[in-house]
There are 2 protein chains.
Amino acid sequence: MITILKGGLSEVRGFSFAGVRAGIKKKGLDLAIIKSEVGSVPAAGVFTSNLVKAASVLLTERNLRGGKLGAVFLNSGRANCFTGARGERDAEEIAGRVARLLGIQPGEVGVLSTGLIGAPLPMAKVRRGILRAVARLSRNREESLRVAQSLMTTDTFPKEFAVATRLEDGTEVRIAGVAKGSGMIRPKLATMLAVILTDARATPGGLRLALRNAVEGSFNMITVDNDTSTNDAVLLLASGLAGGREISARDIDPNFQEALNCVTRELAKMIVRDGEGARHFFEVRVEGARNSYEAKLAALAVAGSNLVKAAIFGEDPNWGRIVAALGASGAYFNPLNLSLWFEGKGKTVYLVREGRPVGNPDRAKDIMRSKEFVIGIQLGEGKATAKAWGCDLTYDYVRINAKYRT
Amino acid sequence: MITILKGGLSEVRGFSFAGVRAGIKKKGLDLAIIKSEVGSVPAAGVFTSNLVKAASVLLTERNLRGGKLGAVFLNSGRANCFTGARGERDAEEIAGRVARLLGIQPGEVGVLSTGLIGAPLPMAKVRRGILRAVARLSRNREESLRVAQSLMTTDTFPKEFAVATRLEDGTEVRIAGVAKGSGMIRPKLATMLAVILTDARATPGGLRLALRNAVEGSFNMITVDNDTSTNDAVLLLASGLAGGREISARDIDPNFQEALNCVTRELAKMIVRDGEGARHFFEVRVEGARNSYEAKLAALAVAGSNLVKAAIFGEDPNWGRIVAALGASGAYFNPLNLSLWFEGKGKTVYLVREGRPVGNPDRAKDIMRSKEFVIGIQLGEGKATAKAWGCDLTYDYVRINAKYRT
């Protein structure tokens, strides 16, 4: 039902975009604008649960109260967080400038920033960057890639994903997104920065609900380092150009939801694959939990455990640490019913079966040598399941984060 | 009021002890016995909150229901956790053998194990080790050090601490403890392995309450890696030989409590100083929280943040990460009232004062170069305070934990 498309944001009708170098970061693209070609359109957002929110997050949350956006500004290099009254003025100036240049209202501009906390935006560079981006606006495949590149901080590759699906009434709709990671990633509401575009017809309430549903099983189920950023945000804008049945809070087309889940999940997994310093990417699959809340707790506890992550870096099947992480997760289970396995390279190796260690753990080493594998867990208490995604804790994670500011 | 003593467990009247090599670990001492010289005595314990508890923890919890212990067995190298019915039999056999050799009841023996999860104890070696330890029992200073050494896994130094104080009635009492860390350390009830002895007169209920009070501000306020072990346990035994006022749940001598707090706090700090791979040790001092629960949340969030810990390893005063950790901690504060400083080498350097960044963060670099320093935080909301202790996240932490099992 869902077709994966190659063209990133350019696959979705109704938007133009551009990514440029403004000079905020030491090198590379660092500023982007996404514009709706059909004026202000229904939009929704999910934002960080951190008490300390960036000035840009606060402004975007406020602007979304109207349920519509006509453009989104994005920058990397500086987070515009903990920058006081000046940071608020800067975010407002950005919204105002972008609005004026595009002929929309300042309250219809989303502003998202990522990068160093506590340092103000270099506004002279930002102003020139905005002019340059507006001049470049297009729907090219290559420009979508440039937008994704503009968001990168410690990311090693740009993240974009696009799909097409059919609503139940037969209408083809498309959904595409760009995202960035890759440190300060923890599952607590939104956990990073992403903009998702669709050409479906939708109400703001419908987008909000569909986005919350999608984030729940994707961006909220990944962890790189258990740290929650002050700038995390996911935006969803709908141009409506595909026509067809309107997505509303009372009536979310299941195919649309499924396609949106797919986009957020794939972007979320890209973020973890590109986790700072990561060498291995793993999926934690929990089955048999009493309820879905506990299934998620268990999956995230294993994906987020420093000791599990270090063992995976060492390709050491130290399953005792998985058991310890599960036991401390808050999910209930009887250790006598616990089963635990590794899956990868087309093989499944059980290390624990119904409470009993089975065979030599080193049988799992071969699976752990591959870049991606699954840790399977059966709690034996009920029917609820969950998946979480994590990466290993490596020397490079420490190196990257020991000297981020300087 | 509190005098620090040099002799470890040998400072406390009424106990003998021994540490030996049984051959459970690849090298070094790995088995110890502590014996009360006056028969079974009042005792209390605090244990891991992990759902998966080692067989030894379960047995010791059960034996403590009677409120008395006559001896404690300790081993390192194998945790005797997730070892099924065999693990339970092994723990019971240990208690039975120790009891028979010392002429007490099996229900009066505490059994504590630490090490690899999921592998059974090598019982032939354990049996020989018990015989050897019982034969060596003494009150020597050097034997106390051997007990502390017997507990070590990835620890790099043995941990013991002893003090003397006077009860309000003038009686001198002594308290001494041994402990081990140094990975899988997270503040959640007990967080490691420690045995504390005193010659004070006490009821089991008095010891239980005093121990809970002491653990709350010590072992529960340290973090190495946010992982909670399956084997954490703190035991407190009281020989009563000092005489004087009895410590009971209704009447805990404040000087006794203060001295006990001192012993648990110093042992807790030793564990963090010896955190796996740690190069820096830091105290997080939170002031001005709305209540003491939020003060603790805030302090532990900063001490436990991977990003803060990596920045400290890099000696990088990236205070934005401290702000982000505080904002995600669950403690309420208004960012406009937040102040933040580093203290060390006799200097105090403010980085944020009432919501505003002040001066170049690099002024704090010199303090961060020292092995130990303080991160000060004023939330500006109330009067509650808390202290937590943490260590940096280093290449060595990753190296040690990438290959622990093998």
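In helix α4 (residues 141–150) of chain B, the buried residues are B:S144, B:R146, B:V147, B:A148, B:Q149 and B:S150, where buried means that 20 or more other C-beta atoms, placed from the backbone, lie within 10 Å of the residue's own, against 12 or fewer for exposed and partly exposed in between. Helices (H or I, at least four residues) and strands (E, at least two) are DSSP runs, numbered from the N terminus. The cover over the buried residues of α4(B) includes β2, β3, β6, β8 (159–166) and β9 (172–180) of chain B. This is a predicted model, in which local features need pLDDT of at least 70 and side-chain atom pairs count only at pLDDT 80 or more, while totals for chains, interfaces and linings use all residues. Residues are numbered from 1 along each chain as its sequence is written, and chains are lettered from A and ligands numbered from 1 in the order in which they are written.

One of the strands covering α4(B) is β3, which spans residues 31–36 of chain B and has six of its six residues buried. Cover is present on both faces of β3(B), with B:L31, B:I33 and B:K35 buried on one side and B:A32, B:I34 and B:S36 buried on the other. In a regular strand the side chains alternate between the two faces of the sheet.

The table sets out strand pairings in the two chains, with pairing defined as at least two bridges found by DSSP between two strands.

| Strands | Sense | Bridges | Facing residues |
|---|---|---|---|
| β2 (15–20) and β3 of chain B | antiparallel | six | B:G19 and B:A32 |
| β3 and β6 (71–78) of chain B | antiparallel | five | B:L31 and B:N75 |
| β13 (281–289) and β17 (372–378) of chain B | parallel | seven | B:V286 and B:I377 |
| β13 and β18 (384–391) of chain B | antiparallel | seven | B:F281 and B:C391 |
| β14 (339–344) and β17 (372–378) of chain A | antiparallel | five | A:F342 and A:I375 |

In chain A, seven strands form an open sheet of mixed pairing in the order β11-β18-β13-β17-β14-β15-β16. Its edge strands are β11 (222–223) and β16 (356–357) of chain A, each of which pairs on one side only. Helix α6 (residues 254–273) of chain A packs on this sheet, touching β11, β13 (281–289) and β18 (384–391) of chain A, and its direction makes about 40° with that of β18(A); such angles run from 0 to 180 degrees between N-to-C directions, with axes fitted as lines to C-alpha atoms, for helices over the stretch in contact.

Within this sheet, A:F342 lies in strand β14 of chain A. A:F342 counts as buried because 25 other C-beta atoms lie within 10 Å. Beyond its neighbours within four places in sequence, A:F342 is in contact with A:P317, A:V349, A:L351, A:A364, A:I367, A:M368, A:F373 and A:I375, a contact being a pair of residues whose C-beta atoms, placed from the backbone, lie within 7 Å. A:F342 and A:R363 are 21 residues apart in sequence, and their C-alpha atoms are 9.7 Å apart in space.

The domain assignment, which is automatic or taken from a database, divides chain A into domain 1 (3–273) and domain 2 (281–402). The centres of the two domains of chain A, taken over C-alpha atoms, are separated by 32 Å, and 12 residues of domain 1 are in contact with 13 residues of domain 2. On the side of domain 1 that touches domain 2, β11 and α6 of chain A are the elements that give two or more residues, and α6(A) provides the largest share, with four residues.

Turning to the whole chain, chain A has 11 helices and 18 strands. Its radius of gyration, 22 Å, is close to the 22 Å that the globule rule gives for 406 residues, so chain A is as compact as a globular protein of that length; the radius is taken over C-alpha atoms, and the rule is 2.2 Å times the number of residues to the power 0.38. The C-alpha trace of chain A spans about 65 × 55 × 35 Å along its principal axes, and 62% of the 406 residues count as buried. Of the contacts in chain A between residues at least 6 apart in sequence, 80% join residues at least 24 apart.

The largest nonpolar core has 282 residues, and those with the most contacts inside it are A:A298, A:A299, A:V302, B:A298, B:A299 and B:V302; such a core is a set of buried Ala, Val, Leu, Ile, Met, Phe, Trp, Tyr and Cys residues joined through C-beta atoms within 7 Å. Residues up to four places away in sequence aside, B:A299 touches B:M221, B:V284, B:V286, B:A386, B:K387 and B:A388.

Technical notes: Two residues are in contact if their C-beta atoms, placed from the backbone, lie within 7 Å.
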